[in-house]
Amino acid sequence: MADFVLQRTAPLPIDEAWRRLTRWSRHAGTVPLTRVVMVTEPPTRVGTRFVARTGLGPLGFDDPMEVTVWRPPTDAEPGLVRLVKRGRVVAGWAELEVRPGPGGRTRVLWREELRLRGLPALFDPPLAAAARAVFGREVNSLLRTA
């Protein structure tokens, strides 16, 4: 498994950071050659499912995900969502957490355990580095744009 953690501090209220990070269709605009298809109807809740399709034409793969934890932020607790990846190619999970940060800002934590089926463990470090770069750019973009 390739594990990685991203941390960001955004000049946004916590509710706005949460909204920007958990609008699943917006993720397609930040990851190259990817589109997101919702399988279940909004609003997001435990059991919400969607598929990120990455590729060009018939060359690509699906990354089906299901929300297994959905806890929007409150005055008393940080927000947390956990996605479980249920694909034939991509397995693992991702957690996005938002919590109050300094000066009214929001701290964002993205933790992920990623596995590409059939890829030997020898490739976990470069996979983690590549994923950290791609998802880091994704988080930055999502937090920058409304």
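This report walks through a predicted model of a protein chain, from its overall form down to a few individual residues.

## The chain as a whole

Let's begin with the overall layout. The protein chain holds 2 helices and 7 strands. Read from the N terminus, these elements follow the order β-α-β-β-β-β-β-β-α. The C-alpha atoms occupy a box of roughly 45 × 35 × 25 Å along the principal axes.

How does the radius of gyration of the protein chain agree with that of a compact globule? A compact globule of 146 residues would have a radius near 15 Å, and the protein chain has 15 Å, so the two agree. Of contacts between residues at least 6 apart in sequence, 47% join residues at least 24 apart.

## Surface and charge

Buried residues account for 42% of the 146 residues. The accessible surface of the protein chain is about 7,900 Å², and 59% of that belongs to carbon and sulfur atoms.

The charged side chains number 23 positive and 15 negative. The centres of these two sets lie 4 Å apart.

Setting aside neighbours within four places in sequence, Trp24 is in contact with Val36, Met38, Thr44, Phe50, Val67, Trp70, Val81 and Leu83.

## Helix α1, inside and out

Helix α1 covers residues 14-21. Its buried residues are Glu16, Ala17, Trp18, Arg20 and Leu21. These buried residues pack against β4, β5, β6, β7 and α2. As a general point, an α-helix has 3.6 residues a turn, so residues three or four places apart point the same way.

Along the chain, Asp15 and Asn140 are 125 residues apart, and their C-alpha atoms are separated by 16 Å.

Leu114 lies in strand β7. With a relative accessible area of 7%, Leu114 falls under the 20% cut-off and therefore counts as buried. Which residues does Leu114 contact, leaving aside neighbours within four places in sequence? They are Met1, Ala2, Lys85, Val90, Ala91, Leu127 and Ala131.

For a sense of distance, take Leu114 and Arg71, which are 43 residues apart along the chain. Their C-alpha atoms are separated by 22 Å.

## Loops and their backbone

Several loops have details to look for. Most residues other than glycine have a negative phi, and most peptide bonds are trans. Leu33, in the loop between α1 and β2, has a positive phi of about 60° although it is not a glycine. Leu33 counts as exposed, because its 54% relative accessibility is over 50%. Further on, the peptide bond from Pro42 to Pro43 is cis, with omega near 0°. Pro43 has its place in the loop between β2 (34-38) and β3.

Gly87 sits in the loop between β5 and β6 and is buried, with a relative accessible area of 5%. Not counting residues up to four places away in sequence, Gly87 touches Pro64 and Arg117. In the loop between β7 and α2 we find Ala121, which is exposed at 58% relative accessibility. Where does Met1 come in? The C-alpha atoms of Ala121 and Met1 are separated by 6.9 Å, although the two are 120 residues apart along the chain.

Note on methods: Residues numbered from 1 in each chain as written. Predicted model: local features only at pLDDT ≥ 70, side-chain atom pairs only at ≥ 80, totals over all residues. Heavy atoms only, no water. Helix = DSSP H or I, 4+ residues; strand = E, 2+ residues; numbered from the N terminus. Contact = heavy atoms within 4.5 Å. Rg over C-alpha atoms; globule rule 2.2 N^0.38 Å. Buried < 20%, exposed > 50% of the residue type's maximum accessible area, 1.4 Å probe, protein only. Areas by Shrake-Rupley, 256 points an atom, 1.4 Å probe, with all protein chains shown as cover. Lys, Arg positive; Asp, Glu negative; His and termini not counted. Charge placed at Lys NZ, Arg CZ, Asp CG, Glu CD.
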